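Here are my notes for your review. Please read them with the coordinates open.

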Amino acid sequence: MPGRLDTNELIAVYQDAEVIVCPFSYEKMTFESTMFFVQVAKHVNPQVRIVFLPNRLKSSVNYELKAAVDEQLAQFGTVAPALPDRVGFQRIDTVSISSDIRGVLDNSFGYIYNEYLETI
C-alpha cells in the first residue's frame, strides 16, 4: 500500500496498523516525503511500530548522508538491512521470484519477520 495521505479511507488503516513497513531510498525528495509520512502516521497512531526499508542502494555510490538519515529515521522506528539496486527486482511478478533475488531479500525480509511479524 502506498504511503498516501490524501485518502480518508487510508487513515483508518494507519490508525489500526500494528506495523508499517516504509520503503525509502537515500535521496533528498524521498527522505523528505518519508519524514512527512511518518510524522503523520505517528500522529494518527502513536503506538504503531515503523520499520524503514532502504532500497535501490547502489554499491558504486557514496551515501554521505546515510548515517544522518538513519539517525533521523531512528527517532520514529528502526532501519532494516538495505536492499541493493538490482534489475531482478523489476522482474518480480505475482507468480515467481528468481532465486538470486530471493537470496537478496532474505536479509531484509528476514529481519522484518523476526523483529516485527513473528510475534503478531
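1. Start with the burial of one ring pair. Phe24 and Phe52 are both buried. Keep in mind that this is a predicted model.

2. Next, the geometry of that pair. The ring centres of Phe24 and Phe52 are 6.3 Å apart and the planes meet at 85°, so the pair counts as edge-to-face. The cut-off for a pair is 6.5 Å between centres, and planes over 60 degrees apart are edge-to-face.

3. Now the placement. Phe24 sits in strand β1 and Phe52 in strand β2, so this pair ties together parts 28 residues apart in sequence.

4. Phe24 has another aromatic partner. With Tyr26 the pair is edge-to-face, at 5.1 Å centre to centre and 75° between the planes. Phe24 and Tyr26 are both buried. Phe24, Tyr26 and Phe52 make up one aromatic cluster. The count of aromatic pairs comes to four.

5. Three strands form an open sheet, ordered β1-β2-β3, with parallel pairing. The edge strands are β1 (19–24) and β3 (78–79), each pairing on one side only.

6. On the strand pairing itself: β1 and β2 (residues 49–54) pair in the parallel sense over six bridges. Pro23 has Leu53 in β2 as its bridge partner.

7. Finally, the helix packing. Helix α4 (residues 99–117) lies across β1, β2 and β3. At what angle does α4 run to β2? The angle is about 170°. Angles here run from 0 to 180 degrees between N-to-C directions.

Key
Residues are numbered from 1 along each chain as its sequence is written. This is a predicted model: local features need pLDDT of at least 70, side-chain atom pairs count only at pLDDT 80 or more; totals for chains, interfaces and linings use all residues. Side-chain values use heavy atoms; hydrogens and water are left out. Two strands pair if DSSP finds at least two bridges between them. Helices (H or I, at least four residues) and strands (E, at least two) are DSSP runs, numbered from the N terminus. Contact means heavy atoms within 4.5 Å. Rings of Phe, Tyr and Trp (its six-membered ring) pair if their centres lie within 6.5 Å; planes under 30 degrees apart count as stacked, over 60 as edge-to-face and the rest as tilted. Buried means under 20% relative accessible area, exposed over 50%, partly exposed in between (1.4 Å probe, protein chains only).
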